[in-house]
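Then follow one of them to a second partner and to a single side chain.

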Amino acid sequence: VAKDGLEAMKWYRKAAEQGNPTGQCLLGMAYRDGEGVEKNVTQAMAWLRKSANQGNEYAQCSMGFAYEGGNGVESDYVPAAEWYRKAAERGYPNAQVCLANCYYNGRGVNKCLVEAYAWFNLAAPYETSAEKNRNGLERVMSGRQISEAQARTRQLQAMVEDKISHDQMALRKAQALGQRKR
């Protein structure tokens with residue numbers, strides 16, 4: 001199938017206007033990148049924010065990037081870290097790396113090597129940069145700090161798994177309710 005940006009936009013818009021967070025995210029990305037539509041940062045941010053507010057972790061991470069880089073919004077590390085955290089807590093490895101970097105550099109959060117290590121460690125199986133950064137931190141952290149960070153990783157892993165499980169349960173319940181109404 002040939003790539004057709006205009007046709008994709010039609011379907012993204014239809015899904016987005018019906019409140020679908022994936023459609024909203026894809027529409028926002030299309031506006032952000034100028035694919036199938038004229039580039040419009042204001043529209044991109046509006047659609048990405050709608051999607052992010054509904055829990056789409058890719059859109060949440062994109063909001064973090066926007067705040068970090070000042071793309072479509074004023075550059076501000078505090079909301080960048082908040083958006084990264086939302087996506088990271090939903091298990092999105094790229095956001096986990098971004099949040100770890102926030103902790104490592106003290107951008108938008110208090111600098112904390114233990115917390116940085118824990119988030120890098122959580123993302124390490126999925127992101128090679130996370131593994132490299134975690135290993136680099138091991139060279140400057142004490143044994144006690146590393147032990148704390150490993151314990152924190154286990155806490156974060158349990159929280160992420162719990163959050164994902166609750167979200168999946170909520171989705172199943174919503175789908176079940178929708179099917180009963182038909």
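H4 and H5 run roughly antiparallel, because they pack at about 165° (angles over 145 degrees count as roughly antiparallel). H4 spans residues 57-69, and H5 spans residues 77-89. Both are DSSP runs (H or I, at least four residues), numbered from the N terminus. Their axes, lines fitted to C-alpha atoms over the stretch in contact, lie 8 Å apart. The angle is taken between N-to-C directions, from 0 to 180 degrees. This is a predicted model: local features need pLDDT of at least 70, side-chain atom pairs count only at pLDDT 80 or more, and totals for chains, interfaces and linings use all residues. Residues are numbered from 1 along each chain as its sequence is written, and side-chain values use heavy atoms, without hydrogens or water.

Which residues in H4 meet H5? They are Glu57, Gln60, Cys61, Met63, Gly64, Phe65, Tyr67 and Glu68. On H5, they meet Tyr77, Pro79, Ala80, Trp83, Tyr84, Lys86 and Ala87. Contact means heavy atoms within 4.5 Å.

H4 also has H2 (residues 21-33) as a partner. Their axes come within 9 Å and cross at roughly 35°. Here Cys25, Met29 and Arg32 in H2 meet Tyr58, Ala59 and Ser62 in H4.

Now take Gln60 in H4. Beyond four places in sequence, Gln60 contacts Ala52, Gly55, Trp83, Lys86, Ala87 and Arg90.

Terms used:
Helix = DSSP H or I, 4+ residues; strand = E, 2+ residues; numbered from the N terminus. Parallel < 35°, antiparallel > 145°, perpendicular 65-115°, else oblique.
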